[in-house]
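I opened the model to look up its contacts, its sheet and its aromatic rings. My entries follow in the order in which I checked them.

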Amino acid sequence: MDAQQPIVLFIDDEEHNLTVFKGTFRRHYTIHAVLSGHEALELLKEQPVHVVIVDQRMPRMSGVEFLQEIIPLYPDIVRIVLTGFSDVGAVISAINDAGVYRYITKPWTEHDLKMTIDSAVEYYHLQLENKALMLHLSEYNQRLEQTVQQRTWEIQSTNAELHEANAQLKELNKEKDEFMGIAAHDLKNPLNGIMGLASMIETVPDLSREQVEDFARMIVSSSQRMFDLISRLLDINAIEQGNLNLTIVHCSLATTVENVVENFRPRALKKDIALHYVCEASSTIILADEVALMQIVENLVSNAVKYSPQGRSVWVSVLNAESSIHLCVKDEGPGISAEDQTKLFGKFMRLTAQPTGGEDSTGLGLSIVKRMVEAMNGSVWCESELGHGATFVVAFPLTD
């Protein structure tokens with residue numbers, strides 16, 4: 001069998017017709033010839049076929065019925081029907097149902113039938129090429145869709161990153177504006193005071209020693225305000241740059257709190273504020289940086305005194321909880337609104353409540369407290385209702 005020859009299956013229930021067909025076309029095609037549709041079905045299970053030619057009038061299974069049978073099983077085979085004039089109408093009506101490529105009326109001539117078979121073989125190969133092209137196109141479209149999806153995801157991801165970076169830049173720009181505002185306002189005022197006092201010492205004649213000492217104290221106080229502000233700005237910058245160097249040791253929270261409370265009593269007395277301290281914890285040893293711990297307690301006590309009206313009380317306590325030790329600072333100030341509580345620990349936050357004795361506020365103290373507490377594995381929060389004071393709580397893990 002020539003592997004290059006088209007393969008034709010010829011089906012006719014008359015042996016003579018099979019012999020004539022094979023003898024006529026054996027030089028042009030590889031031919032399988034059978035007497036019935038059932039034999040043809042068995043042969044197709046074993047042999048590849050390009051073109052099938054079937055006689056319409058056969059017992060048990062007509063040509064069109066056979067072709068309808070093989071359509072789902074062998075859809076690529078090109079189907080041709082041989083029919084007499086009396087069957088043409090039935091064949092034409094069944095062409096769509098049976099997928100008939102062409103029908104030929106009997107008796108056929110060698111020339112006409114060969115032209116039909118050659119055309120069918122060409123059609124067979126065109127079908128295969130078309131299927132291959134469609135498969136290639138489908139695979140290409142699938143790869144294209146995947147590429148588009150990947151590119152879309154990358155663009156969305158990039159846009160999200162750009163959006164986040166833009167938001168960060170806006171936040172940084174806002175912080176820069178806040179910083180410049182502090183530099184322009186909070187540093188300008190004490191600096192003007194220093195310059196004015198220094199000018200008076202220089203230009204006013206016959207100042208008494210007592211006056212000079214008063215001016216000097218005022219200059220030191222203004223300088224201290226500037227120093228405190230610059231220190232806080234440097235602290236927050238060091239924290240955010242990851243340059244906060246903590247030396248974690250065992251230290252007594254109670255001792256630190258007691259020392260801070262004693263240091264703030266004179267300031268509280270100036271506003272007629274009663275500063276109370278109580279320690280109810282059985283053990284107050286925690287792991288912390290001593291300097292940072294002192295700064296945390298000072299910030300909280302300073303705020304309580306700063307925002308409390310004259311003649312009120314501030315309570316500072318150290319308490320045991322289940323697995324932690326709590327520092328609580330409670331005041332009788334104006335309280336903190338729900339809106340202000342959402343931005344309480346942010347940088348440069350100016351809240352509704354104002355200091356009651358003209359004290360300064362940078363909006364950095366609580367931000368520094370939160371970052372330092374969290375750097376030492378603690379947590380900090382506020383409990384407050386507007387008009388009913390505020391309680392700040394710092395929780396540190398207990399040590400073994």
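Contacts. I counted a contact where heavy atoms lie within 4.5 Å. In the protein chain, 67% of the contacts with a separation of 6 or more join residues 24 or more positions apart.

Ground rules. I noted that this is a predicted model, in which local features need pLDDT of at least 70, side-chain atom pairs count only at pLDDT 80 or more, and totals for chains, interfaces and linings use all residues. Residues are numbered from 1 along each chain as its sequence is written, and side-chain values use heavy atoms, with hydrogens and water left out.

Secondary structure. I took helices (H or I, at least four residues) and strands (E, at least two) as DSSP runs, numbered from the N terminus. The protein chain has 11 helices and 12 strands.

Sheet. I looked up an open sheet of 5 strands with mixed pairing, in the order β7-β9-β10-β12-β11; two strands pair if DSSP finds at least two bridges between them. Its edge strands, each pairing on one side only, are β7 (274–279) and β11 (379–384). β11 runs antiparallel to β12 (residues 390–397), with 6 bridges between them. I checked one of the partners: Val 380 bridges to Val 394 in β12.

Helices on the sheet. I read angles from 0 to 180 degrees between N-to-C directions, with axes as lines fitted to C-alpha atoms, for helices over the stretch in contact. Helix α8 (residues 253–270) packs on the sheet and touches β7, β9 (313–320) and β10 (324–331), its direction at about 170 degrees to that of β7. Helix α9 (residues 290–307) lies across β7, β9, β10 and β12 and runs at about 25 degrees to β10.

Aromatic pairs. I paired rings of Phe, Tyr and Trp (its six-membered ring) with centres within 6.5 Å; planes under 30 degrees apart are stacked, over 60 edge-to-face, the rest tilted. The structure holds 7 such pairs. Tyr 101 and Tyr 123 are stacked, because their ring centres are 5.0 Å apart and their planes at 25 degrees. Tyr 101 sits in the loop between α4 (88–98) and β5 (102–105), and Tyr 123 in helix α5 (residues 110–185). Phe 345 and Phe 392 are edge-to-face, at 6.4 Å centre to centre and 85 degrees between the planes. They are 47 residues apart, Phe 392 being in strand β12. Both Phe 345 and Phe 392 are buried (under 20% relative accessible area, 1.4 Å probe, protein chains only).

Notes. Buried means under 20% relative accessible area, exposed over 50%, partly exposed in between (1.4 Å probe, protein chains only).
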